[in-house]
Amino acid sequence: MITTTGTTEDGQNIAQSIPMKPGPINCLLPESIAHILSFLGFDDLTNCSCISTDWMDAVSKLDIVQRSINVHNEPRRSKVARRRFAHLHSVFIACDEMRVTVNPVLLRRFLLPYCSTMKRLCVGGDYAFLGNTLKLLSKVNSLESLTLHDCRFGSVSDLIEVFETKTNLQLLRLTTPKFGARYNPPSLRDYRQLASSIGKLQSLKALVLEDWDLNIVSDAMILMFSNLQQLEALVVGKANDEVLTKVAEHCPNLNEFKIMGHTKAGTLTMSGVMKVVRGCRITTLHIPYLQGYGNGAEHVREIVQCMNTRARNYHSEPGSISKPTLELIVGVRLCNDSSVSFRRKRSFMMAAADDIVDQEKVILDMIIV
């Protein structure tokens, strides 16, 4: 039913309920309508919830919504959110403009009703100033996934408080935070405190620090990985052999490892990477900027041989049906011979991998950049 309002000739207000005409979307179950509406933004969802009681029920069934924070936000939007979205498990908060200072009262009012049920939270965008707005998360122990992308806090303690009581947290994505009004990067002391706090999240299965340089405070990072024994996926910006040795020792379940940044020659070598490949169950390895020697074929052969053997042993265990899949991304830097063309470098590396892998037993997805 749709309720419409109007005015009679004598100026009196009237309301009339009109049945909705049967249509493709009106024949769907509320759960199906909710799935379709889940692709809309916050304001569009709010407007859809006003169309009819059926659509309002559908919107109320959503467990995920993305809210944009910008200079045009009003308190009314937070009130609407609390009234319309009653079952949220996932919240994505996007800060649209760098000059925004998030109103802590409004954001807390928006998040507070979901503190007991929230499982996934993503906050990020343009280093908008959050201050201690996320302090209330220190009381939320239901979070399983937390993403803080390009966030700016008042101090490192505001960020550390977010990690408290996160005994169920399995995924943490954290780009290098900024602090204060001057967008200060973390100091060495800040890095040590953050590493110590992350190391206490012993249920973590995936840790994404894609722009972090682990060389800055290697000793603190080593202690951090000593406690993350459940880790299955690790993405970092830069690393060194010393840190990778500790990862290989304490993260035996690691199956996905990515080093995304340019690492200074000498601090990270093939020896360090191979310790991780041999000590863990690596099936996905991205090392696009690692430098090597020779024509690169020996490095590829060594990596693929080890990954292939461990993957086949693991999938030979009871319950494994499908063929194991190996994903490898390496760079032409593995070959340090400048006289060899890119095409020949690639040819040498691909041939080395093909000699090792039996495509009938293992699927190899290899990219050379």
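How many salt bridges does the structure hold? I went through the model, which is a predicted one, and the count came to five. I looked up three of them, then moved on to a helix pair and some strands.

**Entry 1: Arg192 and Asp219**

I started with Arg192, which forms a salt bridge with Asp219. The closest N and O atoms sit 2.8 Å apart. I then checked where the two residues lie: Arg192 is in helix α7 (residues 188–199) and Asp219 is in helix α8. They are 27 residues apart, so this pair links distant parts of the chain. Buried or exposed, or something in between? Arg192 comes out as partly exposed, at a relative accessible area of 38%. Asp219 is partly exposed too, with 44%.

**Entry 2: two bridges inside helices**

Next I looked at Arg301, which has a salt bridge to Glu298, again with 2.8 Å between the closest N and O atoms. Both residues belong to helix α11 (residues 297–315), where they are three residues apart, or about one turn of the helix. Arg301 counts as partly exposed, with a relative accessibility of 27%.

Lys246 and Glu249 were my other stop, and their side chains meet in a salt bridge at 3.4 Å, N to O. Helix α9 holds both of them, and the spacing is three residues, about one turn of the helix.

**Entry 3: α8 against α9**

What is the angle between α8 and α9? Helix α8 (residues 218–226) and helix α9 (residues 241–250) pack at about 10 degrees, and their axes are 9 Å apart. Angles under 35 degrees count as roughly parallel, and α8 and α9 are therefore roughly parallel to each other. On the α8 side I noted Ser218, Met221, Ile222, Phe225 and Ser226 in the contact. From α9 come Glu242, Val243, Lys246, Val247 and His250. Sorted by class, the contact has five nonpolar, three polar and two charged residues. Lys246 turns up here as well as in the salt bridge with Glu249.

**Entry 4: strands around β5**

Last, I followed β5 (residues 120–124) to its pairings. Strand β4 (residues 90–95) runs parallel to β5, and five bridges join them. Across that pairing, Ile93 stands opposite Val123 in β5. Strand β7 (residues 145–149) is also joined to β5 by five bridges, and these two run parallel. Which residue stands opposite Gly124? I found His149 there, in β7.

Definitions and conventions:
Residues numbered from 1 in each chain as written. Predicted model: local features only at pLDDT ≥ 70, side-chain atom pairs only at ≥ 80, totals over all residues. Heavy atoms only, no water. Axes fitted to C-alpha atoms, helices over the stretch in contact; angles between N-to-C directions. Helix = DSSP H or I, 4+ residues; strand = E, 2+ residues; numbered from the N terminus. Parallel < 35°, antiparallel > 145°, perpendicular 65-115°, else oblique. Contact = heavy atoms within 4.5 Å. Nonpolar A, V, L, I, M, F, W, Y, C, P; charged D, E, K, R; others polar. Salt bridge = Lys/Arg side-chain N within 4 Å of Asp/Glu carboxyl O. Buried < 20%, exposed > 50% of the residue type's maximum accessible area, 1.4 Å probe, protein only. Pairing = 2+ DSSP bridges.
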